[in-house]
Amino acid sequence: MQRPTRFSLGWRFGAIFLAVMLVVVACGTTAPAGSGGAASGGGAGGTKHVAILNKDMTDAEIKAEIQKEAGLVVGNWTYSANATLIDEFQKYVKATYGADIVLTYDGSQAPSEYLTKLGAAAKGNNPAPYDVMAVEENYWADGTANGLPADFLPSDLIPNQKLVLDQFQHVPTSIAFQSTAFPGVVYNKAKAPFLKTLKDLADPRLKGKVTLPLSGDITAGGFMLGLASELGKDYKDPNQMKEVVDWAVTNIGPNVLKYTTDQPTLQQLFESGAADAVTFWNSLARLEYFGGHTDATLLVPSVIYPANGYRWIPKNAPHPVLAQVFINWRLSPDVQFPNAWPIEHGQWSELSEGFLGPDYVTKVPDWFAKDYFTYFPTLDQIKTSFKQVDWTAYNASAKVWQDYYGQKIGQ
């Protein structure tokens with residue numbers, strides 16, 4: 001992957017941010033300066049209170065527990081820098097706690113699979129198959145409705161919680177690691193300069209050149225929410241959303257090359273020129289551009305519904321202490337902005353997706369400082385420019401129309 005040194009991208013996001021609600025993505029890193037990732041003593045006698053265990057633990061007890069747990073399983077997405085992320089966390093635990101551990105990173109672009117496995121484990125009264133869930137907010141809401149998340153906040157093992165704006169926390173069960181993520185359309189501006197709205201995907205000039213997501217997850221959900229807004233439909237009403245599905249299948253369907261939510265497949269189709277417009281997360285546009293595909297452009301809808309990633313710990317997680325250490329690490333400014341990691345600019349832009357609070361603002365790297373706000377919103381815009389989703393209503397509606405969508409596309 002090439003590493004451009006400056007950015008001449010004509011996305012005009014700076015101007016678009018002022019007109020619409022652009023929402024991007026954020027991930028986390030080590031603890032704030034001086035903390036080394038370990039929490040300050042909050043329990044009695046210099047111990048740390050670990051809420052999920054309902055215990056006050058000394059540093060020695062915490063280290064012993066980490067040695068005993070020896071690893072953890074995280075359910076998250078597929079990042080191009082997954083291997084580096086795993087390596088960096090394992091090195092961090094070794095340096096901070098003296099323990100050799102194994103981070104198993106179960107990456108999937110279909111997070112609904114995680115809830116199915118968690119639900120089956122809970123029903124059988126078995127240990128959870130994951131220690132940390134790191135998926136979109138709607139899955140946390142769905143999991144909460146089914147009693148899956150454990151209470152773990154506040155915890156002295158997660159001092160970086162205080163760096164995150166209240167709007168990105170659901171205490172005691174979850175905390176965001178992204179601030180502005182949304183599914184969108186990445187398109188080739190040289191081949192499809194006429195694309196201005198999601199409805200424009202129905203243009204016959206795109207016949208056989210479009211990908212749409214499979215049904216069942218928030219990638220399809222976020223796309224359909226945006227299309228519903230353009231069509232004047234209410235996403236809370238499953239019958240109106242069926243009308244949105246019908247419109248998409250009837251009008252965009254003839255242009256669809258493939259229905260897929262698999263990132264490598266999408267990238268291969270886009271980079272080879274087989275597809276001129278692919279539906280995926282907004283970070284893909286940056287990843288493609290920084291990787292040398294200079295015509296990669298993000299279609300920004302007139303209304304954007306963020307679907308930010310949240311971290312939570314399932315009940316009966318086998319490794320609850322390391323789970324909290326991981327969450328704290330991923331929230332730290334130096335991991336949210338992995339400037340020191342041995343990764344390319346495209347991979348950086350995929351991992352780092354916005355500010356979670358004011359303590360992150362100074363972490364924009366020098367190589368990106370001039371153009372950062374062409375790609376990302378300011379903290380002010382993050383605080384104010386959201387079209388909040390009623391996730392309870394969304395989940396209830398989506399259970400109906402997502403199945404309907406799957407049937408319509410023969411999934």
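This is a short tour of one structure, stop by stop, for use with a viewer.

Before you start, note that this is a predicted model, in which local features need pLDDT of at least 70, side-chain atom pairs count only at pLDDT 80 or more, and totals for chains, interfaces and linings use all residues. Residues are numbered from 1 along each chain as its sequence is written, and side-chain values use heavy atoms, with hydrogens and water left out.

**Stop 1: aromatic rings**

Start by selecting Y372 and F373. Rings of Phe, Tyr and Trp (its six-membered ring) are taken as a pair if their centres lie within 6.5 Å; planes under 30 degrees apart count as stacked, over 60 as edge-to-face and the rest as tilted. By this rule there are 28 aromatic pairs. Y372 and F373 are edge-to-face because their planes stand at 90°, with the ring centres 5.1 Å apart. Now colour by accessibility, where buried means under 20% relative accessible area, exposed over 50% and partly exposed in between (1.4 Å probe, protein chains only). Y372 is buried at 0%, whereas F373 is partly exposed at 37%.

Next, select Y394 and W401, another edge-to-face pair, with 6.4 Å from centre to centre and 75° between the planes. Y394 has a relative accessible area of 2% and is buried; W401 is buried too, at 0%.

Then widen the selection to Y289, F290, F337, W348, F355, W367, F368, Y372, F373 and F376: ring pairs link these residues into a cluster.

**Stop 2: arginines over rings**

A charge sits over a ring if NZ of Lys or CZ of Arg is within 6 Å of the ring centre and within 35 degrees of the ring normal. Select R205 and F194 to see the charged end of the arginine over the ring, 3.9 Å from its centre. Then move to R311, which lies over the face of F177 at 3.7 Å from the ring centre.

**Stop 3**

Helices (H or I, at least four residues) and strands (E, at least two) are DSSP runs, numbered from the N terminus. Select residues 137-145, which make up helix 5; 7 of its 9 residues are buried, so the helix is largely enclosed by the rest of the structure. Among the buried residues are Y139 and W140. Just after helix 5, look at G147, which takes a positive phi of about 70°.

What does N395 touch, leaving out residues up to four places away in sequence? Its contacts (heavy atoms within 4.5 Å) are N138, A141 and D142. N395 lies in helix 16 (residues 391-408) and is buried, at 10% relative accessible area.

**Stop 4**

Select the 5 strands that form an open sheet in the order 10-9-11-8-12, with mixed pairing. Two strands pair if DSSP finds at least two bridges between them. Strand 10 (256-259) and strand 12 (296-299) are at the edges, each with a single partner strand, so one side of each has no neighbour in the sheet. Zoom in on strand 8 (residues 183-188), which pairs with strand 12 in the antiparallel sense over 4 bridges. There, V185 has L299 of strand 12 as its bridge partner.

**Stop 5: S229**

Finish at S229, in helix 6 (residues 218-231). S229 is partly exposed, at 26% relative accessibility. Beyond its neighbours within four places in sequence, S229 is in contact with V303 and Y305.
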